[in-house]
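I opened my notebook to look up how this chain is put together.

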Amino acid sequence: IGDTVIIQKAGEIIPAVVQVLKKLRSGQEKKYNFPKLCPACHSKIKREKKEVAYYCSYNKCYAQNIERIRHFVSQKGFNIDGLGNNIITLLVDQGLVTNFSDLFRLKIGDLEILEGFAEKKSTKICQAIEDSKEIELANFIYALGIRHIGLETSLLLANYYQDFSKLMNTSK
């Protein structure tokens with residue numbers, strides 16, 4: 001904490017630290033200690049060898065589930081308009097959505113009973129979900145949130161396999 005670093009673009013979001021400028025240190029820098037437990041579910045935090053990222057070890061972690069659904073509905077995924085962070089959290093908290101596929105089973109009546117939802121808003125969200133059902137293969141692959149498969153790799157896989165059935169019949 002407090003170091004001056006040089007960064008460069010790496011991947012889509014998280015920059016990579018290229019160099020720490022040790023000559024600019026003031027002596028006030030502090031070592032950062034990663035948490036040992038997930039702040040959301042209190043499961044152990046893990047880190048794969050030779051990787052930088054730390055992860056919650058519990059694959060049904062509430063916070064991870066919310067993030068998976070957010071990624072799925074994102075603009076580069078299924079691009080479901082109107083499903084922002086607060087609505088996704090509400091849907092999960094109310095037990096209406098526990099995974100991606102639950103989104104496609106939502107009905108107007110399911111949403112209308114929620115606080116802040118009227119017929120117009122419920123209809124708009126259900127229509128956005130309906131409109132998202134036909135997407136490009138690359139967007140579908142990206143939406144699944146497979147580890148190490150970003151947008152570029154999704155495009156490469158989609159171009160190589162051409163359709164979903166060929167992708168499904170391949171080995172790991």
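**Entry 1: overall layout**

I read the elements of the protein chain from the N terminus on, and they run β-β-β-β-α-α-α-α-α-α-α-α. The count comes to eight helices and four strands. I took helices (H or I, at least four residues) and strands (E, at least two) as DSSP runs, numbered from the N terminus.

I noted that this is a predicted model, where local features need pLDDT of at least 70, side-chain atom pairs count only at pLDDT 80 or more, and totals for chains, interfaces and linings use all residues. Residues are numbered from 1 along each chain as its sequence is written, and side-chain values use heavy atoms, with hydrogens and water left out.

**Entry 2: size and surface**

I looked up the radius of gyration, which is taken over C-alpha atoms. The protein chain has 20 Å, whereas a compact globule of 172 residues would have a value near 16 Å. The globule rule is 2.2 Å times the number of residues to the power 0.38. Along its principal axes, the C-alpha trace spans about 60 × 45 × 25 Å.

How much of the protein chain is buried? I found that buried residues make up 24% of the 172 residues. Buried means under 20% relative accessible area, exposed means over 50%, and partly exposed is in between (1.4 Å probe, protein chains only).

The protein chain exposes about 12700 Å², and carbon and sulfur atoms supply 54% of it. These areas come from the Shrake-Rupley method with a 1.4 Å probe; for residues, only the protein chains shown count as cover.

I also checked contacts (heavy atoms within 4.5 Å). Among those between residues at least 6 apart in sequence, 39% join residues at least 24 apart.

**Entry 3: salt bridges**

Side chains of opposite charge can pair when their charged atoms come close. I used this rule: a side-chain nitrogen of Lys or Arg within 4 Å of a carboxyl oxygen of Asp or Glu. The count is six salt bridges.

I looked up Glu51 and Arg147, one of these pairs, with the closest N and O atoms 2.3 Å apart. Glu51 lies in the loop between strand E3 (45-46) and strand E4 (55-56), and Arg147 in the loop between helix H6 (137-143) and helix H7 (151-161), so the pair ties together parts that are 96 residues apart in sequence. Arg147 is partly exposed, at 36% relative accessible area.

Next I took Arg105 and Asp102, whose side chains meet in a salt bridge of 2.9 Å, N to O. Arg105 is exposed at 51%, whereas Asp102 is buried at 12%.

Then came Lys133 and Glu130, with a salt bridge of 3.0 Å, N to O. Lys133 is partly exposed at 41%. Glu130 is partly exposed at 43%.

**Entry 4: aromatic rings**

A pair of aromatic rings is described by the distance of the centres and the angle of the planes. I counted rings of Phe, Tyr and Trp (its six-membered ring) as paired if their centres lie within 6.5 Å; planes under 30 degrees apart are stacked, over 60 edge-to-face, and the rest tilted.

How many aromatic pairs does the structure hold? I found nine. In one of them, the rings of Phe72 and Phe78 have centres 4.4 Å apart and planes at 20 degrees, so the pair is stacked. Phe72 is buried at 3% relative accessibility, and Phe78 is buried at 6%.

Phe78 and Phe140 have ring centres 6.0 Å apart and planes at 70 degrees, so this pair is edge-to-face. Phe78 lies in the loop between helix H1 (62-73) and helix H2 (85-93) and Phe140 in helix H6, so the pair ties together parts that are 62 residues apart in sequence. Phe140 is partly exposed at 23%.

Lys121 lies over the face of Phe117, at 4.5 Å from the ring centre.

**Entry 5: two asparagines**

Where is Asn79? I found Asn79 in the loop between H1 and H2. Asn79 is partly exposed at 45%. Leaving aside neighbours within four places in sequence, Asn79 is in contact with Val73 and Ser74.

Asn99 lies in the loop between H2 and helix H3 (100-103). Asn99 is partly exposed at 34%.

Key. A charge sits over a ring if NZ of Lys or CZ of Arg is within 6 Å of the ring centre and within 35 degrees of the ring normal.
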